[in-house]
Amino acid sequence: MSDMNSVLLGLLAAAVTSTMLTSGWESHPAGLSPSLEPGVGVDTRATAPVQPLDVVRGFDAAETYAPGHRGVDLRAWPGQVVRSVLPGSVQFVGKVAGRPIVVIAHDGDVLTTYLPIRPSVRVGDVVSSADPIGRLAAAPHCSTGPCLHWGARRHFAYFDPLTLLPGRVVLLPEVP
């Protein structure tokens with residue numbers, strides 16, 4: 001994905017967050033422990049959004065609006081069922097920058113985002129871990145072929161969504 005696409009995804013996330021905040025969004029449905037910090041701890045109810053879990057592009061932390069990859073791309077095929085990673089409440093369903101997206105709020109002020117997705121849920125729906133939330137749309141996103149972009153953030157801080165899954169070891173870069 002080009003740097004321009006990375007910037008667009010950052011803007012997309014900011015627009016979704018802004019929409020939710022101006023509509024009175026509050027996040028405390030069932031889900032993660034409120035003590036969860038980005039990238040620390042897991043919820044044993046968490047499940048991968050698609051199976052098999054095949055990461056084609058990993059998380060690349062970036063400052064707000066700077067180029068980066070604020071999620072992971074998972075190999076998937078158009079029409080494949082996409083599932084909620086954790087219990088929560090659907091906060092946004094629609095298109096941002098022309099891309100269909102579903103955003104789910106979980107306890108601990110954690111949001112997970114899924115795109116491109118043809119949703120089967122509506123705003124306000126309560127979902128459990130592994131509940132279907134839609135199907136992967138045919139919209140091109142990855143240079144490697146069809147994929148699901150899965151993102152996670154707590155408050156306004158993005159973190160690697162793979163850290164939400166039990167049994168996943170995510171290596172972080174060494175900070176000089």
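Visitor: Which strand is joined to strand E3, and by how many bridges?
Guide: Three bridges connect strand E3 (residues 81–83) with strand E9 (residues 132–136), and the two run antiparallel. Strands (E, at least two residues) and helices (H or I, at least four) are DSSP runs, numbered from the N terminus. Two strands pair if DSSP finds at least two bridges between them. This is a predicted model, in which local features need pLDDT of at least 70 and side-chain atom pairs count only at pLDDT 80 or more, while totals for chains, interfaces and linings use all residues. Residues are numbered from 1 along each chain as its sequence is written, and side-chain values use heavy atoms, with hydrogens and water left out.

Visitor: What is the bridge partner of Val82 in E9?
Guide: The partner of Val82 is Gly134. Gly134 is also the bridge partner of Pro119. Strand E7 (residues 117–119) pairs with E9 in the antiparallel sense, over three bridges.

Visitor: And E4 with E5: how many bridges there?
Guide: E4 and strand E5 (residues 99–106) share seven bridges in the antiparallel sense; one of the pairs is Phe92 with Val103 in E5. The two strands form a hairpin with two residues between them, and Ala97 in the turn has a positive phi of about 55°.

Visitor: Which other strand pairs with E4 over two bridges?
Guide: Strand E8 (residues 126–127) pairs with E4 (residues 88–96), again in the antiparallel sense. Gly88 has Val127 of E8 as its bridge partner.

Visitor: Changing topic: is Thr112 buried or exposed?
Guide: Thr112 is buried, because its relative accessibility is 0%. Buried means under 20% relative accessible area, exposed over 50% and partly exposed in between, with a 1.4 Å probe and protein chains only. Thr112 sits in strand E6 (residues 110–115).

Visitor: With which side chains does the side chain of Thr112 make a polar contact?
Guide: One is the side chain of His106, at 2.8 Å, and another is that of Tyr114, at 2.9 Å. A polar contact is a pair of N or O atoms within 3.5 Å; within protein, one must be able to donate a hydrogen and the other to accept it, and residues adjacent in sequence count only if both atoms are side-chain atoms. Leaving aside residues up to four places away in sequence, Thr112 touches several others, including Val102, Trp150 and Leu164. Contact here means heavy atoms within 4.5 Å.

Visitor: What about Arg154: buried or exposed?
Guide: Arg154, in strand E10 (residues 147–154), is buried because its relative accessible area is 10%. A polar atom of its side chain lies 2.8 Å from the backbone oxygen of Gly108.

Visitor: How far apart are Val55 and Leu74 in space?
Guide: Their C-alpha atoms are 4.6 Å apart, although 19 residues separate them in sequence. Val55 lies in strand E1 (residues 55–57) and is partly exposed, because its relative accessible area is 32%.
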